[in-house]
Amino acid sequence: MTHQKKTIALPTMTPGTSRGIVVHHFGKRGARPKAYLQAAIHANELPGAMALHYLMPMLVEADKKGLIKGEIIVVPTVNPIGLSQLMGHNHLGRYDFLGRDNFNRNWLDLSEGVSERVGKQLGKHAQDNVELIRKAARAELDAMKPLNELQTLRVEVMKLSADADIVLDLHCDQDGVLHLFASNRDLHGPAQMLAADLGAEATLYSDPYPDALTFAGVHGGLFARLADKYPQANIPPACHSTTVEYRGQHNVSHPLGEADGTNLYRHLVRRGVIAGRAGKLPKLKYEPTPIGGMDVGYSPTTGILVYHHAKGTWVKKGDVICDVIDPSDPRGAKARTPVKARTDGLFYSGKQNGKLVWPGAVVFAIAGTKLLAHRKGKNGLDD
Ligand SMILES: [Zn+2]
């Protein structure tokens, strides 16, 4: 049996309070492939934690049978700071109360530091390069002196994840269908395989990798940035990192959790982390589409948000996706301001779980195949 549970203590921020991150470890340390899975960095997004609730007993069972070939780290709720943010009988877990940071931004781009440490040693041999980069990334993290709780969380979590072959950061949307955010660099193998195994309705990719320093973005981005900086060296995309958006915040149920946990397990088998037969790869539901083809709808005004379509519906350019209704206007249909699709594609998210919106509020996202002029320069997630 290799399963171990430990808690990483975070520095105390106020007298009488302390928090820690619970980490589960399976398999022999240093065994490959290494998979790192975490949920709820946006602490009010719990469907991923629900998937891990079902995955963990399967891993315990696999461990008992000696089936874990690689190394697996599972962090079911990675953000105890966000989990503690209760206000007015609500839980608010997307932004840090202290500094207002989005918890899934400002992760550590280690590429500069790694470059300074080992850039000159990177050569033609891919595996040697991967090992050099991973060691240097760890040395960078070890050398950091985080002061507060959130900085410490970022450094300590990345010590667990930075050398993984597979990173799955489990999130959810406010209100949407299952979709992935991936990088173009590993689209044509691992990311499509993951999308098929998890049953993703859409996969949106950054090209070549996300600009925003999201958790998944900095992991794949480390190798991608170094490969760009040292084109003569042979630097493979050694970390396949993906943001998994498990539908909407309210989509927490036993059947969904069980299906999602089972699908994650099957994917770990398919990737060789766990011994067994993954079976035939399910059919991909929708070819990956570029982030630059993602139409984002913004509310032009304030009012009541009402949709015309269910999330997961195919829509066409010009279709009215939703109305924003002025509740004090007595003119019936004339009180409605329609917001229209500017592309053909899959209406995969409503981006809101409340019913009151305001000017500039994001009210939908559509995954389209065509790059859109009004999305030019957008290469990351939209908030
Ligand atoms: Zn999230």
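Select Tyr-307 and Cys-322 in this predicted model: Tyr-307 stands opposite Cys-322, a residue of strand β15. Now widen the selection to residues 303–307, which form strand β13, and residues 320–325, which form strand β15. These two strands pair in the antiparallel sense, and four bridges link them.

Next, go to the helices. Select residues 126–143 for helix α4 and residues 149–161 for helix α5. Their axes come within 10 Å and cross at roughly 155°. Angles over 145 degrees count as roughly antiparallel, and α4 and α5 are therefore roughly antiparallel to each other. The crossing of α4 and α5 is left-handed.

Show the side chains where the two helices touch. From α4, display Arg-138, Leu-141 and Asp-142; these meet Val-155, Met-158 and Lys-159 of α5. Sorted by class, this contact of α4 with α5 has three nonpolar and three charged residues, with no polar ones.

Finally, zoom out and colour by domain. Domain 1 covers 4–287 and domain 2 covers 290–373. The centres of domain 1 and domain 2, taken over C-alpha atoms, are separated by 30 Å. How many residues of each domain are in contact with the other? On the domain 1 side there are 15 residues, in contact with 17 residues of domain 2.

Key:
Residues are numbered from 1 along each chain as its sequence is written. This is a predicted model: local features need pLDDT of at least 70, side-chain atom pairs count only at pLDDT 80 or more; totals for chains, interfaces and linings use all residues. Side-chain values use heavy atoms; hydrogens and water are left out. Two strands pair if DSSP finds at least two bridges between them. Axes are lines fitted to C-alpha atoms, for helices over the stretch in contact, and angles run from 0 to 180 degrees between N-to-C directions. Angles under 35 degrees count as roughly parallel, over 145 as roughly antiparallel, 65 to 115 as roughly perpendicular and the rest as oblique. A crossing is left-handed if the near helix is turned anticlockwise from the far one by less than a right angle, and right-handed if clockwise. Contact means heavy atoms within 4.5 Å. Ala, Val, Leu, Ile, Met, Phe, Trp, Tyr, Cys and Pro count as nonpolar, Asp, Glu, Lys and Arg as charged, and the others, Gly among them, as polar. Domain bounds come from an automatic or database domain assignment.
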